Amino acid sequence: MPTIGQWQLRAAFAARLSEMYGREVPAYTTLVDVSREVNEDVLRTRGADAERLGSIGRVTAERHGAIRVGTPRELHQVARVFGALGMHPVGFYDLRDAAAGAVPVVSTAFRPVDGEELARNPFRVFTSLLTPADPRFFDADLRARLEAFLAARELFPPELLTLADRAAADRGLPADDAERFLGLAVRAFELSAEPVDRAWYRTLERVSAVAADIGGVRSTHINHLTPRVLDIDDLYRRMTDRGIEMIDTIQGPPAWKGPDVLLRQTSFRALAEPRGMRTEDGSVVSGALRVRFGEVEARGIALTRAGRALYDELLDRVDEQTARHPTSARADIARAVWERHLPGSEAELAAQGLAYFTYRVADDRPHDGRTPPTGIAELVRQGWVHAEPVVYEDFLPRSAAGIFQSNLSGEGTRDDDRQGIAYDADRLSGAIGREVLDPFALYEQQQNRSLARAARTLGLADPIR
């Protein structure tokens, strides 16, 4: 019996999840269709430049999902499921202070990390963990009730976890086992038809709609599923023209004349979905909850630590100027700040060490007996090597919190007079049972490997710097 490899399991899982989510949230199918139309139009008008940050095949197939869990045990189990798909936890995101309202979660993203695996299928899942121990959100009594509720539920059947462990150990599964694994995995993220305890859900919703979505039900579900688009501004207009209500803004960097960097995201608003609600007398009545929405993203170049520090500084400048000029459009302010302070070309980003690139020796490099220089800037300028931007594969906490908040029924409550508990990547690594990888280190390794290959090809004795 043939073995289905991890990347094939990942691709099949992403496709089936997309199909399932489209059945449950029909507006998501519209979002995918419009994304495809936009991408086809961009490819037609821009030609090869449209594929500078990934082939159209990769971009069209690309998805990221988002899920939320309640306990370290559940997070550890999620890691086992995604480990079967060759996905690793990358990046630590603290959303508790990333927005004005109450988003009591810390997060990581499970994704492939090898360049070849990303090219085959770059499926990612942004995964959030509730923080019941944070007293800014949960008092002692509510924390105890919440933790007892979470401890009593089971999100993932033992058979799924057993198959996941086998797939991770063997780097794949026999076809029959793969089919069983995929069926169980997709089912684990479907929206449950089990009635929701109305009083309990509303208790948590007063703290945070995110807390209610995680701890107010006995299952988890895909919260949103996100296609990638090459022109997110055009998509926003087209979705609005189709009568689909979008959130107020596109999160992340502004649209401007320079290179696309990091990540821009937007979504249609969470829809009121019918749910059975169990009342205090045990009867079930009809209700509705707004928890799932359709997000879309446009990815740019990965920034270095210095580039990311500049990005954060520019956001602060935009916040300050927006506060001083409340009648001016934030997008216009942001565009002006970007064009004043961020390099306007890939070459300048590379020269200032603000973005990551891979370097490939040119096929038509000089053959006149000259010795190539050892500095990367001169190698590029003289045509010895070509610089190719590294795609940003990760997320932005402020943007994620902004998307979450834009789709919530209320801001919830956060007591800023109390001291929050500390979370970091090491603590999350302990909960997951495997290291949360540093995205900057991954990009730097990718860049450094390309420089080492170029040095060998050019016959340089010294490393390229």
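Predicted model: local features only at pLDDT ≥ 70, side-chain atom pairs only at ≥ 80, totals over all residues.
Let me begin with E393, which counts as buried because its relative accessibility is 5%, where buried means under 20% relative accessible area, exposed means over 50%, and partly exposed lies in between, with a 1.4 Å probe and protein chains only. Residues are numbered from 1 along each chain as its sequence is written, and side-chain values use heavy atoms, with hydrogens and water left out.

E393 sits in the loop between β14 (385-389) and α16, helices (H or I, at least four residues) and strands (E, at least two) being DSSP runs numbered from the N terminus. Its side chain is joined to that of R58 by a polar contact of 2.9 Å, that is, a pair of N or O atoms within 3.5 Å, of which, within protein, one must be able to donate a hydrogen and the other to accept it, and residues adjacent in sequence count only if both atoms are side-chain atoms. Not counting residues up to four places away in sequence, E393 touches R58, R111, L118, R124, R299 and Y443, contact meaning heavy atoms within 4.5 Å.

Now to the nonpolar residues. In soluble globular proteins, nonpolar side chains tend to be buried together. Leaving aside neighbours within four places in sequence, L95 is in contact with V103, V105, S107, F126, P397, A400, A401 and F404.

Finally, which residues other than glycine have a positive phi? One of them is R171, with a phi of about 60°, and another is L262, with a phi near 55°. Most residues other than glycine have a negative phi. R171 is in the loop between α7 (158-170) and β6 (172-174), whereas L262 is in the loop between α11 (232-241) and β9 (263-268). Are these two residues buried or exposed? R171 is exposed, because its relative accessible area is 61%, while L262 is buried, because its relative accessible area is 1%.
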